[in-house]
Amino acid sequence: IRDWSSDVCSSDLDMGRYEFLAPHLDGYDLYQFNALAEKLRTFGDVDAVAFEGLVQMELNKLYQNNGGDLTLRRVLDLAYSVDCCHVVPGITDDAALGQFYVENDFLPDLANVPDSVLEMLDYEKIGRSMREGEGGVLTPHGYVMQESELRQADRKSTRLNSSHESP
């Protein structure tokens with residue numbers, strides 16, 4: 001088993017935060033890892049949560065389609081698409097998501113319901129329904145929902161050509 005994070009030439013990037021990628025990225029070359037590391041290094045906390053959510057969504061799609069590989073090229077596309085998501089940091093379960101939706105008046109049907117009745121709602125069921133309806137995912141760091149079409153990483157600037165030679 002190879003420690004892929006040691007292959008990345010980026011001493012100031014905390015790869016521990018992206019450990020969830022390790023099982024999916026074995027066998028790629030150094031140039032591809034560096035392109036990913038360069039992009040991940042630019043991420044703030046919200047971008048990192050969005051990226052983790054996008055990876056999770058992609059893995060869910062692969063699982064639903066009976067497999068397939070999560071390629072590094074696709075991971076780079078996901079890294080360049082973090083601004084295509086809505087992120088709610090700290091929302092890590094359906095109950096918290098449901099409560100967030102209710103308390104922030106995102107459910108118009110509940111606008112005129114008294115607080116005494118709102119307290120009796122099943123927030124977990126509301127959150128699950130909203131998450132499934134939106135196609136969102138819960139990560140250990142927050143809720144992520146894709147809002148727009150994903151981008152493709154610029155293949156030239158990410159130096160994905162595995163036959164690339166160093167000068």
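Let me begin with helix α4, in which Asp94, Leu97, Gly98, Tyr101 and Val102 are buried, where buried means under 20% relative accessible area, exposed over 50% and partly exposed in between, using a 1.4 Å probe and protein chains only. These residues cover an arc of only 135° around the axis, which puts them on the same side of α4; the arc is that of the directions from the helix axis to the C-beta atoms. An α-helix has 3.6 residues a turn, so residues three or four places apart point the same way. The cover over the buried residues of α4 includes α5, α6, β2 and β3. By contact I mean heavy atoms within 4.5 Å.

A word on the basis of this talk. The model is a predicted one, in which local features need pLDDT of at least 70 and side-chain atom pairs count only at pLDDT 80 or more, while totals for chains, interfaces and linings use all residues. Residues are numbered from 1 along each chain as its sequence is written, and side-chain values use heavy atoms, with hydrogens and water left out.

Now the overall layout. The secondary structure of the chain comes to six helices and three strands. Helices are DSSP runs of H or I with at least four residues, strands are runs of E with at least two, and both are numbered from the N terminus. Along the sequence, the pattern reads α-α-α-β-α-α-α-β-β. The chain has 167 residues, of which 39% count as buried. Among contacts between residues at least 6 apart in sequence, 78% join residues at least 24 apart.

I return to α4 and its partner. At what angle do α4 and α6 pack? Helix α4, residues 94–103, and helix α6, residues 123–134, pack at an angle of about 85°, with their axes 6 Å apart. The axes are lines fitted to C-alpha atoms, for helices over the stretch in contact, and angles run from 0 to 180 degrees between N-to-C directions. The two helices, α4 and α6, are therefore roughly perpendicular to each other; that term covers 65 to 115 degrees, whereas angles under 35 count as roughly parallel, over 145 as roughly antiparallel, and the rest as oblique.

On the α4 side, the contact is made by Asp94, Ala95, Leu97, Gly98, Gln99, Tyr101 and Val102. On the α6 side, Tyr123, Glu124, Ile126, Gly127, Arg128, Met130, Arg131 and Glu134 take part. By class, this contact of α4 with α6 has seven nonpolar, three polar and five charged residues. Here Ala, Val, Leu, Ile, Met, Phe, Trp, Tyr, Cys and Pro count as nonpolar, Asp, Glu, Lys and Arg as charged, and the others, Gly among them, as polar.

Which residues of α6 are buried? They are Tyr123, Ile126, Gly127, Met130 and Arg131. They cover an arc of only 125° around the axis, which puts them on the same side of α6. The face of α6 turned away from that buried side carries the exposed residues Lys125, Glu132 and Gly133. Covering the buried residues of α6 are elements including α4, α5 (115–118), β2 (137–139) and β3 (142–146).

In the loop between α4 and α5 lies Asp105. Its phi is near 55°, a positive value in a residue other than glycine. Asp105 is exposed, with a relative accessible area of 63%.

Eight of the 11 residues of helix α1, residues 30–40, are buried, so α1 is largely enclosed by the rest of the structure. The buried residues of α1 pack against α2 and α3 (72–79).

Helix α2, residues 45–64, contains Phe51, which counts as buried at 0% relative accessibility. Leaving aside neighbours within four places in sequence, Phe51 is in contact with residues including Tyr18, Phe20, Leu36, Leu40, Leu78 and Val82. Not counting residues up to four places away in sequence, Glu52 touches Phe20, Thr139, Pro140 and His141.

Finally, where is Cys84 placed? Cys84 is in the loop between α3 and β1 (85–89), and at 0% relative accessibility it counts as buried. Beyond residues up to four places away, Cys84 touches several residues, among them Met145, Ser148 and Leu150. The C-alpha atoms of Cys84 and Leu150, 66 residues apart along the chain, are separated by 6.3 Å.
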